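This briefing covers one chain in some detail, then its partners. Please keep the structure open while reading.

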Amino acid sequence: MKINISKIIIFSFVIFSLFVFWQGLKKNNSYDTKNLIGSKISSFKLSEINNNEQYISQEKLKQNKYTLINFFASWCAPCRIEHKYLLSLSRESKKIKIIGVNFKDKKNNAINFLEELGNPYYFVGEDLDGKASISFGIYGIPESILVDNELTIIKKIVGPIDQSQYEEILKLIK
Amino acid sequence: MLSNIGIGLVTLVLVLSFLTIYTATLDLKTSSQTIKKSIYKLSLFQTTFTILSFLTLIIGFLNSDFSLVNVYENSHSEKPFFYKIAGTWGNHEGSLLLWINILVIFSYLFLVFNHTHDKKFRLYTLIFQNTLILGFLFFLLSNSNPFSPIYPIPLEGLGLNPILQDPALAIHPPLLYVGFVGCSIYFSAAMASLLSNYGGKLFAQSIKTWVKISWCFQTLGIIVGSIWAYYELGWGGFWFWDPVENASLLPWFAITALMHSLIVLEKRNTLYHWVVILCLSTFILSVIGTFLVRSGILNSVHTFASDPSRGVYILIFLSLMIFSALTIFFTKHKKEKYNFNLKSKETFILANNWFMAFFLVTVLIGILYPIFLDVLTNMKISVGPPFFNIVIIPLVVPFMFLMAIGPKFSWIKSQNKISYKSIFPIFGAIGINLFIFYFFGEYSLLSNLIFITAIFLILHSFLDIKKNISKKNIYQLPRIISHLGFGLLVFFIGINHQFSLEEDFNLKVGEIKKTDNYEINFQDIKIKERKNYKAIVGNFELTNLKKNLVEYLEPEIRIYSNPETLTYEAAIKTKITSDLYLTMSNVSRSDYYNIKFQNKPFMVWIWISALMITFGGFMQLSLKKNED
Amino acid sequence: MKIKKIIFIIYFSFSLLQASENKSELLEIYKNLRCLVCQGQSIADSNSDFAATVKLVVQDLLEEEKTKDEIYAFLISKYGEWIVYQPTFSKSNLLLWILPYFIFIVGGLIIFLITRKSKNNKAN
C-alpha cells in the first residue's frame, strides 16, 4: 500500500505540473505594471514648467473627480499621435482634468510642442531627470495614469492612448 | 529543389525509423541470440540519410539558397563562410534537425558498440530510441520544417545579426546538444533494461561510455557559453542564472550524479533503481529545458523567437515520455536491499548524489516557481541570481569537503586510519585562508568557509596527484584532475567575487574620473567605418594608482544597418593576474557616456579551472579505451 | 603620539572600507533590480534610459540614508515584486525558500536510514 500511495502522489504531481505548463503557455510573459491598479499614488510635488515656484501636490488632485496624469516629451513620436485624444478628453473638463508631466525634456521644446499641437493640460509639471516619474511607477514614454478623487489608480496606459483606450476612459469617468 | 531533397530525405528517415521499430519488435520474439543483420543495415541507412539531410541544409546555407524559408530568415549572402555553416544550427528548425542527427547517430553507435550485451536489451533500446526519433521527426515535419519552401524566392536573406557571428557562439550549440541529446540513449537504455530485466553491472558497463561522453560535452558546452557571454555580452559576468543557462545546468547535475552512481553500480552491483531513475530523469530534464526555452513561457536574454504551438507540441511529447517512463518503472520496480557502511566509498558517492539532487531541485524550483505562481495566483515575481546564490553557496562548503575526503575511503568498509590522515590538509587550508584574509581584505564568514574548503580540496588533490604519480598509477588521475579543477574553480570565483573592483559612472569626452585605485581618462572619441557597421570608438587611458601602471582600452558602440541594431563592445584586457573590463554606452539626449569599469582578478583562471574539469572527463574516456 | 597615529590609521582604513562598501552596496542594489524594458537584464547591466533613471533614484535614496530594504520596498510599491531579483520573504514565497532545504533534509534522512539499516543487518 505504501508504494501505491507514493505512486498516486507522483502521478498527480506530474499531471498537475504539466497542466500548469500548459496554462503557462497561454500567459503573456512580458511584464507590465497593470497589477498596480487599485493602489494609491503616493505623495508627490511637481514644479510647474514655466514657473518653478508654483507646484502641484497630491492634495490638489483630490479636488478633481478624475485626474489623468500624462507623461510626455517633445522628442517622443508616439506622444504626438496620442495628443488628439488628450485634447478631446480635456474638453470633458467637468469630469476629468489632465496633468502633463514633461519627462527628460528641454522647457522650450516642450512649450513649442504644446503650442503646435494644443495644450490639454491644466498644469504642466517638469521632470528634468526622470526621477519624479519613477515615483509614479512609470517606465516608458508616453504613459498615462487615471486616478479618482481618492488617488486610487483606476487605469494605467503604457504607450500611446489609442481609440479603444480613449473610449474606455470615457466609460470609466461617467 | 533543395527543399524537395531535404523533405524527401527526412521522410525517408521517418520510414526507416518505423521499419526499424517494426523489425526490432519482430526480432525480439525470435530465439536467436544475435540481432538480425537487416536491423544493422536499416540503422546504417537511417544514419546515412539523416546526415545527408543535415548536409543538404548546410549546402542550402552555403549557397545562400533563399528558396528555403529557413535560409532566408537566418542567413545572408554576405555572411562569412564559417557563420553561414553555423547559421544552420543557430535557429530553431535547424537545431531540431541537429537533435535528430544526434539521436540517430547515437542510436546506431550504441547498437554497434554494444554487441557483447544482451540481445533483448539492445533491441528494446533501439525501439525506444527510435520512438523518440519518430516524435522529433513528426515535430519537425509538421511544425518546424527547415526545408519549407518559399515562393517567390527572395533576393536576399534577413539573417545578418552581428551578435550571432561569433566563433564561441557558433560551436556552443553543437557541444551542448551532444550533451543534452546524447542522454537520450541512456534514457532508452534504461527503459530497455527495465523491460528486459538486464540490470546490474552489465547494464552499467553498457551505458557508462555514453554517460561520460554526454557529460564531457555538456560541461564543455556550458563553459564555452559562459566564455562567450563574458567576452561578447558586455556586462562582465559569465553566469546570470538566466532560465536558458539553468536549463542546461539541470541535466548537468543529473549526469554528474549518474556518472558517480554508475561507478557504484558497476563495482558493487547496487543502486540499480536509482541509476535507472537518473537515466530517465536526465533526458526528461533536457526536454523540459527545451520546452522552457523554445515555447516562450519564460522571459530571457537568449530565447529563440518563440511560438506557442511549438510549446504545445513539446509539452505533449514530454507528457508521453514522462508517463511511459513512470509506468514502466513502477511496473518493473522491485524492492532493492541496500548494504551501505557509513565509512565506505559507496556512501560518499551517495552523498555526492544527495548534493547534486539538492542543487538540481533548487535550480528547478527557481525556474518553475514564477511560472506556477503566475498561473495559480496571477502574481508575477522574479527569481534571479540572489536566490540561487543564497540557497546554493552555503552548501557548496560541505560538498567540497566531502569531495576531498570521499575518494579516500575504500569500497565496503574503511579503516579509521585513512580518514584521520586526510584531515591534515585542513590546517594548511585554514592557514592560507588566514593569509589572504589578513593581507588582502576582509570578507564574510561564509566566504572564509568557502575559501577554506576550496583550498582543502585543492591541497588534497595535489597530494593525491603526487602519491599517484610516485606509484605510477594513472587511473585515478582523471578523477583527481576534475576534482582539483572544481576546487580551483570555486576558489577563483571566490577571489574574483571578493576582490573585483567595479565602477559605474557618467563621463563626458575629455573628463577624468578618479576612484580609490584608478584614474580613468576619457581621452577622445573616434568614428570608424568598418565593413558592415559604423563604430564609435572611445579611447580611455587607465592609470593604476597603486602600481603606477598605465593601460589603454578602447570600448566601442557599433551601429549596424542591416538589420538596424546597436551593440556595445566591451574592451577587455586579459592578463594572467587580472582582467580589465570597460564598456561605454551613450546616455540618450546628452553628451554623457555611461561607463562601466571592472578590474577582475584571476578571471582567466576561472576558465582554466573549468576546462580542467572537462579535461579530466576527456582524459578518462581515452584512458578507458586503452584499458580495453 | 604613537597611539594617536595608530588610532588615526585604523579610523582612516575603516572609513576607506566604508566608502568602498557604500560603492559596493550601490552596485549590489543595481544588480538586484530588474530592468523593466529589457529582456532579462539587471539595472546594473542595462544601457537603457529606464535603467539610467532608476540608478539616479537609488543614488538619491541612499544619500537620504535609506536602507537597502527600504529602497527595494519603495520600488516594489511602484512597480510590483517583479522588479527585484531576490524574491521577498513573504507568505507567497514561503514554499520557494523552504522547499529546497526541505528536500535536502529528506535526502539526508534517506541516506541516514540506508546506512542505519545496513548497520542493523550487519549486527544480525
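How far apart do the C-alpha centres of domain 1 of chain A and domain 2 of chain A lie? The distance in this predicted model is 45 Å. Domain 1 of chain A covers residues 1-31, and domain 2 of chain A covers 34-172.

**Chain C: fold and domains**

- Chain C holds four helices and zero strands, and its elements follow the order α-α-α-α from the N terminus.
- Of its 124 residues, 40% count as buried.
- Taking contacts within chain C between residues at least 6 apart in sequence, 43% link residues at least 24 apart.
- The chain is split into domain 1, residues 2-88, and domain 2, residues 90-124.
- Four residues from domain 1 of chain C and four residues from domain 2 of chain C take part in the contact between them.

**Domain 1 against domain 2 in chain C**

- About 320 Å² is buried between domain 1 of chain C and domain 2 of chain C, with carbon and sulfur atoms giving 46% of that area.
- On the domain 1 side, the residues that lose the most area to domain 2 are C:Glu81, C:Pro87 and C:Thr88, and together they make up 91% of what that side buries.
- Zero salt bridges are counted between the two domains of chain C.
- Three residue pairs are in polar contact across this interface, both residues being at pLDDT 80 or more.
- The side of domain 1 that touches domain 2 consists of one nonpolar, two polar and one charged residues.

**Chain C against chain A**

- In this interface, 16 residues of chain C are in contact with 17 residues of chain A.
- The buried area between chain C and chain A is about 1,400 Å², and carbon and sulfur atoms give 64% of it.
- Two salt bridges are counted between chain C and chain A.
- One salt bridge joins C:Asp60 to A:Lys131, with the closest N and O atoms 2.3 Å apart.
- Five residue pairs are in polar contact between chain C and chain A, both residues being at pLDDT 80 or more.
- Helix 2 (49-63) and helix 3 (68-79) of chain C are the elements that give two or more residues to the side touching chain A.
- Helix 2 of chain C gives the most to that side, with seven residues.
- By class, the side of chain C that touches chain A has 10 nonpolar, three polar and three charged residues.

**Chain C against chain B**

- Here 43 residues of chain C are in contact with 46 residues of chain B.
- About 4,100 Å² is buried between chain C and chain B, of which carbon and sulfur atoms give 60%.
- In chain C, the residues losing the most area to chain B are C:Asn47, C:Leu96 and C:Phe104, together 16% of what the chain C side buries.
- Three salt bridges are found across the interface of chain C and chain B.
- A salt bridge links the side chains of C:Asp49 and B:Arg589 at 3.5 Å, N to O.
- The count of residue pairs in polar contact between chain C and chain B is 12, both residues being at pLDDT 80 or more.
- At least two residues of the side of chain C that touches chain B come from each of helix 1 (2-32), helix 2 and helix 4 (94-123) of chain C.
- Helix 4 of chain C supplies the largest share of that side, 17 residues.
- The side of chain C that touches chain B divides into 19 nonpolar, 16 polar and eight charged residues.

**B:Glu556**

- B:Glu556 lies in strand 6 of chain B, residues 556-561.
- B:Glu556 counts as buried because its relative accessibility is 10%, and the cut-off for buried is under 20%.
- The side chain of B:Glu556 makes a polar contact with the side chain of B:Arg530 at 3.0 Å.
- Leaving out residues up to four places away in sequence, the residues that B:Glu556 touches include B:Arg530, B:Tyr533, B:Ile536, B:Thr567, B:Tyr568 and B:Met584.

Note on methods: Residues are numbered from 1 along each chain as its sequence is written. Chains are lettered from A and ligands numbered from 1 in the order in which they are written. This is a predicted model: local features need pLDDT of at least 70, side-chain atom pairs count only at pLDDT 80 or more; totals for chains, interfaces and linings use all residues. Side-chain values use heavy atoms; hydrogens and water are left out. Domain bounds come from an automatic or database domain assignment. Contact means heavy atoms within 4.5 Å. Buried area is the accessible area (1.4 Å probe) that two parts lose on being put together, summed over both. A salt bridge is a side-chain nitrogen of Lys or Arg within 4 Å of a carboxyl oxygen of Asp or Glu. A polar contact is a pair of N or O atoms within 3.5 Å; within protein, one must be able to donate a hydrogen and the other to accept it, and residues adjacent in sequence count only if both atoms are side-chain atoms. Ala, Val, Leu, Ile, Met, Phe, Trp, Tyr, Cys and Pro count as nonpolar, Asp, Glu, Lys and Arg as charged, and the others, Gly among them, as polar. Buried means under 20% relative accessible area, exposed over 50%, partly exposed in between (1.4 Å probe, protein chains only).
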